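My entries follow, in the order I made them.

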Amino acid sequence: DRVLIHPDGKKEIVGKTGDSDEIEAAIKKGDWNDYVVIAKGNHLMHFINGRQTVDVIDQQQPNEKDSKNPVPVAAKSGVIALQIHRGQPMLVQFKDFKIKQFSSANSGSPKKIAFIAGKPSHGPGDHEYRAGLLLLQKCLENVPGVTSVVYSNNWPTDSHALDDAAAIVMFSDGKEGQPALHDDRLQYLGELMKKGVGFGCIHYAVEPTREKGEKEFIDWMGGAFEVFYSVNPFWTANFTHFPNHPVTRGVQPFSINDEWYFNMRFRPNMEGVTPILTDVPPPDTMSRPDGDHSGNAEVRKMVEQKLPQHVMWVAERPDGGRGFGFTGAHRHSNWGDDNFRKVVLNAIVWIAKADVPENGVQSSVTADDLKQNLDPKGPKKKSKTASR
């Protein structure tokens with residue numbers, strides 16, 4: 001079983017590590033077996049011959065209010081011990097011990113943020129995935145406890161490039177242009193998510209497909225864009241109130257025009273999801289005819305009733321991982337707004353489980369910075385209608 005031990009000591013089975021018979025069949029009787037123990041903070045995993053047998057996340061905390069019924073505290077340190085159970089006389093031998101300290105387990109080592117930029121898309125100044133992520137990387141250079149790498153134009157060529165990532169942030173096209181939806185990448189990312197790796201998506205990257213990726217994205221980051229349900233109009237959003245959350249530290253009220261998606265498909269009852277940026281879309285967001293991204297009866301009714309819509313959110317997972325979705329950033333120039341940029345930088349640091357500074361991530365972006373690393377796309381085309 002995959003087990004989550006809650007702060008009060010209660011245990012919850014949240015999944016399975018594998019089939020018991022298959023694990024048993026993999027054990028070599030009367031021969032040498034490879035036994036691996038991974039302890040990353042409060043996350044403990046055991047493997048025998050590559051088959052996972054144990055997966056425990058221990059969140060126990062001391063109950064200071066109830067001294068008569070104290071709750072055990074999740075161990076922060078321990079010993080390496082060899083165990084055999086009582087029974088008939090037996091011979092057990094051990095050899096070839098190897099100990100490896102993960103960089104993420106060393107408090108002095110920064111947490112790696114892996115940025116994945118999609119292929120060039122749209123006209124100049126729009127969907128500048130590579131330039132946008134390189135700009136965010138630059139803004140994180142002086143943030144203690146984190147380091148970052150940008151993988152440009154789709155997906156890392158090194159199949160193990162993300163193995164040591166504390167968080168993965170994607171800025172790309174959606175649907176068939178979403179790099180995570182190809183080959184066996186969803187499965188690979190799923191294994192990383194089980195280890196508590198953070199996951200964030202910016203703008204169009206929040207859109208998988210119903211058939212592939214939607215379930216995983218909602219699980220990993222709390223919500224996703226769903227065709228014929230969510231919409232993608234351009235509008236000026238006014239963000240005046242923010243929840244008390246590390247991601248909103250230092251963020252001041254701001255107003256900005258962008259392609260803010262809304263009516264996202266969230267987890268049932270918003271479980272584990274915290275809205276970060278919310279506003280009421282104006283009536284002209286429904287000026288287009290119904291379509292897979294433009295409108296539907298349900299969302300038109302919401303706009304008519306002036307119901308607030310969440311365009312950025314964060315989420316926490318039972319496995320200890322964190323995620324965020326940010327629907328803005330169609331226009332590259334918007335990264336020049338200090339608050340627009342700060343709320344995303346804060347979210348990136350937060351999902352990596354690094355400390356968000358008290359006043360948020362401080363950064364400065366000039367007009368010249370915004371011109372750097374733009375994809376060569378030719379002259380900008382004029383259009384009377386908004387497009388993805």
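**Entry 1: a helix and what follows it**

I began at glycine 222, which follows helix H4 and has a positive phi, near 95°. I noted that this is a predicted model, where local features need pLDDT of at least 70, side-chain atom pairs count only at pLDDT 80 or more, and totals for chains, interfaces and linings use all residues. Residues are numbered from 1 along each chain as its sequence is written, and side-chain values use heavy atoms, with hydrogens and water left out.

My element names are DSSP runs numbered from the N terminus: helices are H or I with at least four residues, strands are E with at least two.

Which residues of H4 are buried? In H4 (residues 214-221) I found Glu214, Phe217, Ile218, Trp220 and Met221 buried. Buried means under 20% relative accessible area, exposed means over 50%, and partly exposed lies in between (1.4 Å probe, protein chains only). A general point on spacing: an α-helix has 3.6 residues a turn, so residues three or four places apart point the same way. The buried residues of H4 pack against helix H3 (185-194), E9, E10, E13, E15 and E16. Contact here means heavy atoms within 4.5 Å.

**Entry 2: the seven-stranded sheet**

I traced an open sheet of seven strands, with mixed pairing, in the order E7-E6-E8-E9-E16-E15-E14. Two strands pair if DSSP finds at least two bridges between them. Strand E7 (146-151) and strand E14 (273-279) are at the edges with a single partner strand each, so one side of each has no neighbour in the sheet. From one strand to the next, the twist averages 15°. For angles, axes are lines fitted to C-alpha atoms, for helices over the stretch in contact, and values run from 0 to 180 degrees between N-to-C directions.

Helix H6 (residues 338-351) packs on this sheet. H6 touches strand E6 (111-117), strand E8 (167-171), strand E9 (198-202), E14, E15 and strand E16 (322-326). The direction of H6 makes about 160° with that of E16.

I then followed E15. E14 and E15 (residues 309-316) run antiparallel, joined by six bridges. Aspartate 279 stands opposite glutamine 309, and proline 275 has tryptophan 313 as its bridge partner. Five bridges join E15 to E16, again antiparallel. There, tryptophan 313 has glycine 325 as its bridge partner. E15 and E16 form a hairpin with five residues between them, and glycine 320 in the turn has a positive phi of about 95°. Is E15 enclosed or open? Six of its eight residues are buried, so E15 is largely enclosed by the rest of the structure.

**Entry 3: core and rings**

The largest nonpolar core holds 88 residues. Such a core is a set of buried Ala, Val, Leu, Ile, Met, Phe, Trp, Tyr and Cys residues joined through side-chain atoms within 4.5 Å. Ile168, Ile202, Trp260, Leu277, Phe324, Phe326 and Trp335 touch the most other members. H6 supplies the largest share, nine residues. Beyond four places in sequence, isoleucine 202 contacts residues including Leu133, Phe324, Trp335 and Val344.

I counted aromatic pairs next: 15 in the whole structure. Rings of Phe, Tyr and Trp (its six-membered ring) pair if their centres lie within 6.5 Å; planes under 30 degrees apart are stacked, over 60 edge-to-face, and the rest tilted. Phenylalanine 225 and tyrosine 261 are edge-to-face, 5.2 Å centre to centre with 70° between the planes. Phenylalanine 225 lies in the loop between E10 (223-224) and E11 (234-239), and tyrosine 261 in the loop between E12 (254-259) and E13 (265-266), so the pair ties together parts 36 residues apart in sequence. Both are buried.

One aromatic cluster takes in Tyr129, Phe171, Phe239, Phe254, Trp260, Phe326, Trp335 and Phe340.

Six bridges join E4 to strand E5 (residues 51-58), which run antiparallel. Histidine 46 has valine 54 in E5 as its bridge partner. Phenylalanine 47 sits in E4 (residues 43-48) and is buried, at 17% relative accessible area.
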